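Work through the exercises below with the sequence and the structure at hand. Each task is followed by a solution in steps.

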Amino acid sequence: MKSDLFASENMAQQATTPGMSLQNAKSVKYAVNGEMHARQGSMIAFRGNLQFERKGQGIGGMLKRAVTGEGLPLMAVTGQGEAWFAHEAANCFIVDIDQGDALTVNGRNVLCFDATLSYEIKTVKGAGMTGGGLFNSLFNGYGKLAIICEGTPIVIPVSAQAPVYVDTDAVVGWSAQLNTSLHRSQSMGSMIRGGSGEAVQLMLQGEGFVIVRPSELTPTKASGS
């Protein structure tokens, strides 16, 4: 049988080292030897002796998620084998987190990560009760984290002299050491006249970076699928 479908770049090869790697731009391959964590429902294929179990977030995490709708439903993947992960054909990126690093990520943008990383739902300081950012996921420790993004992400440096303002629906993540607060860029008069659609942003100050996606809203999918 012959087809471009069977080109070498499309063929899954046996893993040579344990852990995470990009299968292609839209999926992550994980050679499991022990345990790793992934968002529920993101496994698209596996081979070997693997078990998939729902992972709790602790009482605090469950309460925060119930209140806000944010958070990250996780599963633990254990055993020995290979698994592939993806989510709605979003672009995948692998971040190496070293000891002392800390990255804040929106739960909707987390795909999978090493069990050596610690994960906690944290309050976004200064965000108040507003859209895409009351609670986010804080990762630290050491290991690899795979994040997903609709479209090609933009990484914007943040400095003490140049704070960055981001739409809360577009933000993917940022350096955890940055200070956050809400910024209103629209006058009350403009809001009364109908507004520009850009009333409030998340302001990030300090030294680090912020990751944004080139889209503010994710289309609502029909239920019952």
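**Exercise 1.** State the mean pLDDT of the protein chain, and find where pLDDT stays under 50.

Solution. The model is predicted, so confidence is read before any local feature. The protein chain has a mean pLDDT of 82, with 76% of its residues at 70 or more. Over residues 59-69 pLDDT stays under 50, and the model has 13 contacts beyond four places in sequence for them. Residues 129-133 also stay under 50, with 9 such contacts.

**Exercise 2.** Which residues of the largest nonpolar core touch the most other members, and which strand gives the most to this core?

Solution. The largest nonpolar core holds 17 residues, and V28, M36, F85, L111 and C112 touch the most other members. At least two residues of this core come from each of β2 (27-39), β4 (74-85), β7 (110-114) and β10 (143-149). With 5 residues, β2 gives the most. Another core, of 15 residues, lies apart from this one and includes F113, L117, Y119 and L145.

Now take C112 by itself. Leaving out residues up to four places away in sequence, C112 touches M20, V28, M36, H37, A38, F85, K144, L145 and A146.

**Exercise 3.** Give the strand order of the open sheet formed by 3 strands, and say which strands stand at the edges.

Solution. The order is β12-β15-β14, with antiparallel pairing. The edges are β12 (164-166) and β14 (179-184): each has a single partner strand, so one side of each lacks a neighbour in the sheet. From one strand to the next, the twist averages 35 degrees.

The pairing of β14 with β15 can be followed in detail. β15 spans residues 200-205 and is joined to β14 by 6 bridges, the two running antiparallel. R184 is found opposite V200 in β15.

Terms used
Residues numbered from 1 in each chain as written. Predicted model: local features only at pLDDT ≥ 70, side-chain atom pairs only at ≥ 80, totals over all residues. Heavy atoms only, no water. pLDDT = per-residue confidence, 0-100. Contact = heavy atoms within 4.5 Å. Core = buried A, V, L, I, M, F, W, Y, C linked by side-chain atoms within 4.5 Å. Buried < 20%, exposed > 50% of the residue type's maximum accessible area, 1.4 Å probe, protein only. Helix = DSSP H or I, 4+ residues; strand = E, 2+ residues; numbered from the N terminus. Pairing = 2+ DSSP bridges. Axes fitted to C-alpha atoms, helices over the stretch in contact; angles between N-to-C directions.
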